[in-house]
Amino acid sequence: MNPRVAGLLTDPGFAAALEVAIGVVAEPPTLQSSPPFTGSERQALERGGADPDADDSEAPWQQAIAEYGLLLTNALTVAQATEVLGVREARVKQRLAERTLFGIKVHGAWRLPRFQFQPGGAEVPGLGEVLRRLPARVHPVELQSWLTSPDPDLEIAGLVVSPLDWLRAGHDPEPLVAEAAEFDLIA
């Protein structure tokens, strides 16, 4: 078991977040039996690091619930976000309405995922411009995955980086703004 998750299993906040996540994440589709992989398909999967014989039919569903639960558990409240940003509560709520901050409403209260804040607490520069261009109903786990996964179009000193790393390094958000505008087409 992942040690990050193991300690949370006894946390009542995580249990509540999982309850919300289970209710939000769509039920997994009923999977039809697929024909066996051809020799070339098996080789391609193995080269990519996948096990063609693994039965992971429920893994994405379970992973999405766990990730959403962690995202909610670690998210900031509006009051915490006001401290981090040094603004009043009304300004945080205004930015949520403008979609320059990303929030999830849980039982009538906003939760702001930590991925939009620097480890030291400040806001990730340029992220507000990117968030504003995303579809209004983007799923939080999908957004977090996009922001934290290496993007082959983003390189710093020859290293492929994630959109968040790109912004944290002070690079222009425009390539991400363009991608965000088409997010519903690529996600």
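Leaving aside its neighbours within four places in sequence, which residues is valine 130 in contact with?

Reply: This is a predicted model. Once neighbours within four places in sequence are set aside, valine 130 is in contact with Trp146, Leu167, Pro173, Leu176, Val177 and Ala180.

Valine 130 also belongs to the largest nonpolar core, which has 26 residues. Within that core, Val130 is one of the residues that touch the most other members, together with Leu127, Leu143 and Trp146. Several elements each supply at least two residues of this core: helix H4 (59–74), strand E2 (104–106), helix H7 (127–133), helix H8 (140–148), helix H9 (163–168) and helix H10 (174–181). The largest share, 4 residues, comes from H8. In general, nonpolar side chains of soluble globular proteins tend to be buried together. A second core of 8 residues is separate, and its members include Val78, Val92, Leu101 and Leu112.

Glutamate 174 lies 44 residues from valine 130 in sequence, while their C-alpha atoms are 8.0 Å apart in space. Glutamate 174 has a relative accessibility of 44%, and therefore counts as partly exposed.

The sheet comes next. The model has an open sheet of 3 strands in the order E1-E3-E2, with antiparallel pairing. Strand E1 (76–77) and E2 are the edge strands, each pairing on one side only. Strand E3 (residues 109–112) runs antiparallel to E1, and 2 bridges join them. Threonine 77 has arginine 111 in E3 as its bridge partner.

Apart from neighbours within four places in sequence, arginine 111 is in contact with Leu72, Thr73, Ala75, Leu76, Thr77, Phe102, Gly103, Ile104 and Val106.

Finally, there is a pair of helices to consider. The axes of helix H5 (residues 78–85) and helix H6 (residues 89–98) come within 9 Å and cross at roughly 100 degrees. Angles of 65 to 115 degrees count as roughly perpendicular, so H5 is roughly perpendicular to H6. On the H5 side, the contact is made by Val78, Ala81, Thr82 and Leu85. On the H6 side, Glu89, Val92, Lys93, Arg95 and Leu96 take part. Of these residues, Val78 and Val92 are also among the members of the second core.

Note on methods. Residues are numbered from 1 along each chain as its sequence is written. This is a predicted model: local features need pLDDT of at least 70, side-chain atom pairs count only at pLDDT 80 or more; totals for chains, interfaces and linings use all residues. Side-chain values use heavy atoms; hydrogens and water are left out. A nonpolar core is a set of buried Ala, Val, Leu, Ile, Met, Phe, Trp, Tyr and Cys residues joined through side-chain atoms within 4.5 Å. Buried means under 20% relative accessible area, exposed over 50%, partly exposed in between (1.4 Å probe, protein chains only). Contact means heavy atoms within 4.5 Å. Two strands pair if DSSP finds at least two bridges between them. Axes are lines fitted to C-alpha atoms, for helices over the stretch in contact, and angles run from 0 to 180 degrees between N-to-C directions. Angles under 35 degrees count as roughly parallel, over 145 as roughly antiparallel, 65 to 115 as roughly perpendicular and the rest as oblique.
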